[in-house]
Amino acid sequence: MCDDRLVAHVTAIILRGGVKVEHPLELALEFLASYSSFDAQSSSGPGSFDEGDLRLANRGGARTSAAEIAAILERRGKIERALRKIHPEASLAEATSSVPWIPLTRLFDAFADIRGVGFSKMTKALHRKRPALIPMLDSVVQAYLTSDDSEQHSSESFAERATTLVRSYKRDLDRNRSALRGIQRELASREYRLTEVRILDLLIWSVSAAT
């Protein structure tokens with residue numbers, strides 16, 4: 001548990017459906033106490049993508065099979081070319097016009113039509129490559145993002161739909177930007193180096209999984 005004096009000045013996080021997370025720093029620290037090993041591990045370089053990145057994603061719960069890993073690695077050249085079009089420090093917290101939406105969609109397209117590989121496995125593998133830009137869109141986060149989604153997306157491609165989810169995620173990020181940065185600073189003082197994207201992810205997951 002955190003000292004209440006340390007968390008009192010951290011603003012609450014407002015999630016969809018009127019959910020207010022009153023003590024987000026405390027919740028984040030509780031999550032990291034159990035699952036921090038994934039965030040502490042290093043991936044390959046920012047412009048590369050290899051089997052190690054997929055194995056790391058598996059340690060974060062991706063559950064990508066050997067056959068799926070082999071199929072993804074057949075696209076390695078395309079994935080790496082797309083990664084190199086996106087600056088390593090690109091952030092979803094930037095102004096909407098500054099986010100590299102088109103290169104991001106092309107990166108997602110490199111994973112399209114791989115049997116057994118959806119948004120969850122893809123983004124768990126890519127998050128560590130661009131941690132400030134790409135959220136981990138596992139089933140819990142996807143359900144959260146689409147819970148109030150009345151729009152039809154049947155005409156969108158795999159990559160376009162993934163980008164639509166990231167755009168939706170950005171709305172939550174923007175709404176809570178100040179609070180997330182406060183949490184980020186407090187976590188950094190405790191040697192946890194997380195992006196706003198990752199902090200929001202673990203808060204959504206923690207709250208959604210508990211309900």
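**Charged pairs, a buried loop residue and aromatic pairs**

Modeller: Asp172 and Arg175 are three residues apart in helix H9 (residues 158-175), so about one helical turn separates them. Helices (H or I, at least four residues) and strands (E, at least two) are DSSP runs, numbered from the N terminus. Please note that this is a predicted model, in which local features need pLDDT of at least 70 and side-chain atom pairs count only at pLDDT 80 or more, while totals for chains, interfaces and linings use all residues. Residues are numbered from 1 along each chain as its sequence is written, and side-chain values use heavy atoms, with hydrogens and water left out.

Colleague: What do the side chains of Asp172 and Arg175 form?

Modeller: They form a salt bridge, with 2.9 Å from N to O. The term requires a side-chain nitrogen of Lys or Arg within 4 Å of a carboxyl oxygen of Asp or Glu. Side chains of opposite charge can pair when their charged atoms come close.

Colleague: Is Asp172 buried or exposed?

Modeller: Asp172 is buried, at a relative accessible area of 0%, whereas Arg175 is partly exposed at 44%. Buried means under 20% relative accessible area, exposed over 50%, and partly exposed in between (1.4 Å probe, protein chains only).

Colleague: How many salt bridges are there by this rule?

Modeller: The count is 14. One of them joins Glu196 and Arg181 at 3.2 Å, N to O. Glu196 belongs to helix H11 (residues 196-210) and Arg181 to helix H10 (residues 177-188), so this pair ties together parts 15 residues apart in sequence. Glu196 is buried at 11%, and Arg181 is partly exposed at 34%. Another salt bridge joins Glu186 and Arg190 at 3.1 Å, N to O.

Colleague: Which residues do salt bridges that share partners join into one network?

Modeller: Arg16, Asp172 and Arg175 are joined in this way.

Colleague: Changing topic, where is Leu92?

Modeller: Leu92 is in the loop between helix H5 (76-83) and helix H6 (101-109). Leu92 is buried, with 0% relative accessibility. Beyond neighbours within four places in sequence, Leu92 is in contact (heavy atoms within 4.5 Å) with residues including Trp101, Tyr169, Leu173 and Val197.

Colleague: And the chain as a whole: how many helices and strands are there?

Modeller: The chain has eleven helices and two strands. Of its 211 residues, 49% are buried.

Colleague: How many aromatic pairs does the structure hold?

Modeller: It holds three. Rings of Phe, Tyr and Trp (its six-membered ring) pair if their centres lie within 6.5 Å; planes under 30 degrees apart count as stacked, over 60 as edge-to-face and the rest as tilted. Phe31 and Trp205 are an edge-to-face pair, 6.2 Å centre to centre with 70 degrees between the planes. Phe31 lies in helix H2 (residues 24-40) and Trp205 in helix H11, so the pair ties together parts 174 residues apart in sequence. Phe31 is buried at 12%, while Trp205 is partly exposed at 30%. Phe49 and Phe111 are also edge-to-face, at 6.0 Å and 90 degrees.

Colleague: Where do Phe49 and Phe111 lie?

Modeller: Phe49 is in the loop between H2 and helix H3 (51-59), and Phe111 is in the loop between H6 and helix H7 (119-126), 62 residues apart. Both Phe49 and Phe111 are buried.
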